[in-house]
Amino acid sequence: IVADVLEEGQAKILLEKKNVFYNPVQEFNRDLSIAVLSQYSKERSSQSSIDSAKEKQKDDSQKTGLRVLEALSATGLRSIRYAKEVPGMAEIVANDISIKAVEAIKRNVIHNGVENIVRPHNDDATMVMYQNRRTKFDAVDLDPYGCPSIFLDGAVQCIKDNGLLLVTATDMAVLAGNSPETCYVKYGAVSLKSKSCHEMALRILLQHIASHAGRYGKAMTPLLSISADFYIRVFVKIHTSQAACKKNTSNLGLVYQCVGCESLTLQALGTNPSNNVYKLPHAPAVDKLCSICNHRHHMGGPVWLGPLHDKNFVKKILTDIDSPEDNNLKALKTLRRIQGILHVVQEELENPLYYQLDRLTSIIKCNVPQMASFRSALLNAGYKVSYSHANKSSVKTDAPNQVIWDIVRAW
Ligand code: SAM
């Protein structure tokens, strides 16, 4: 029955035609996840050594490495790759609801000789997560078809304190504003059709995770949030802290998009303005017309307004990639793409959302300046500017809308 053997990273997967899901386009997603999980594992093991030096004894997890759940595993490819390519894996539960998928996982686990680490499991992902609320996982990977919402409640409960949650969402049409009502139903936030829809999608998903975590007194800290191809992928740390949960509220806000000039205005939800990093307006903007062109607004959100990435964490991954010493990252097939995206991420301003230069100029039908000249104009006016990894022609800036439009009009 076996039709092909597929090789990805260090895994060899026996592919049976039409039986179990395999998507080659997601190799970048899996490679990136290996880079992030490796860094996380490294940090956890150095933290364990510090703790154990202090306490002179290790608990079970410190002795044996990380316990990971891949809740929706399909062929087992991702789990097998984690087992073979990420240092410090103790146990990986490769779960799938489909019996055929789990049969494939079992064959692939044996074929790759990782029976000592990867444990195939056949159940509904939500059941596995609820059953592991006490014996928790260090990392939970959710890679569903479409929307991950129904798995988040279980995931935030079965992750250890300071554990890692890795989430993919592929329902980009919903998240990017094609169906704002569906987005509200699935993610508890209204999406907007906007040129910065890919970052908006990331911020909607992060808001949704924060809201699930908050119900259990847990807060979320994004390590890396990536928009790529037809999906988004976020890597967040989950930790218990009532104070951090409250602070997370100040990182939530609404997005107003003018129906005329498409200017974006943000409004924080938190009631304490001093908590908010961007000093956003707290007066309701909904009844105000756009200060640039006097049109009304569409309202989107709530979205996560806090940082999308932990730059320090990203820097450590880049340092490992650039290091002259050989390590597990060097063999990743999409290494150059990871490196490219992470370098852009490092430079990304933390100010939420962005404009697209050719869209700004087409709105008022003027010439399109060179990107470099436009960026220089913003810098000369005393503002910061960067690209977003999510859009090649993006302009991310801390300049007020009025300044941006003054520069566009002057061209
Ligand atoms: N993570 C895999 C990879 O990287 O190759 C791909 C996973 S595929 C997109 C989604 C899988 O989720 C399918 O194999 C499907 O059978 C499984 N699935 C769907 N609903 C599920 C549920 N409630 N519990 C467990 N598995 C589920």
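In which strand does Pro302 lie? Pro302 lies in strand E12, which spans residues 297–304. The legends below describe close-up views of a predicted model.

**View A. The cis peptide bond from Gly301 to Pro302.** Omega of the bond that joins Gly301 to Pro302 is near 5 degrees.

**View B. Asn162, a non-glycine residue with positive phi.** The phi angle of Asn162 is about 65 degrees. Asn162 is part of strand E7, made up of residues 159–169.

**View C. Surroundings of the ligand.** The ligand is surrounded by 19 residues, and the closest are Glu70, Arg78, Asp96, Ala125 and Asp143. The side chain of Arg78 has an N or O atom 2.9 Å from an oxygen atom of the ligand. Ala125 places a backbone N or O atom 2.8 Å from a nitrogen atom of the ligand. An N or O atom in the side chain of Asp124 is 3.1 Å from a ligand nitrogen atom.

**View D. The crossing of helices H14 and H15.** Helix H14 covers residues 371–380 and helix H15 covers residues 401–409. Their axes come within 11 Å and cross at roughly 135 degrees, and H14 and H15 are therefore oblique to each other. The crossing is right-handed. H14 contributes Phe374, Ala377 and Leu378 to the contact, and H15 contributes Ile404, Ile407 and Val408. Of the residues in this contact, six are nonpolar, with no polar and no charged residues.

How values were computed:
Residues are numbered from 1 along each chain as its sequence is written. This is a predicted model: local features need pLDDT of at least 70, side-chain atom pairs count only at pLDDT 80 or more; totals for chains, interfaces and linings use all residues. Side-chain values use heavy atoms; hydrogens and water are left out. Axes are lines fitted to C-alpha atoms, for helices over the stretch in contact, and angles run from 0 to 180 degrees between N-to-C directions. Helices (H or I, at least four residues) and strands (E, at least two) are DSSP runs, numbered from the N terminus. Angles under 35 degrees count as roughly parallel, over 145 as roughly antiparallel, 65 to 115 as roughly perpendicular and the rest as oblique. A crossing is left-handed if the near helix is turned anticlockwise from the far one by less than a right angle, and right-handed if clockwise. Contact means heavy atoms within 4.5 Å. Ala, Val, Leu, Ile, Met, Phe, Trp, Tyr, Cys and Pro count as nonpolar, Asp, Glu, Lys and Arg as charged, and the others, Gly among them, as polar. A residue is near a molecule or strand if one of its heavy atoms lies within 4 Å of it. A polar contact is a pair of N or O atoms within 3.5 Å; within protein, one must be able to donate a hydrogen and the other to accept it, and residues adjacent in sequence count only if both atoms are side-chain atoms.
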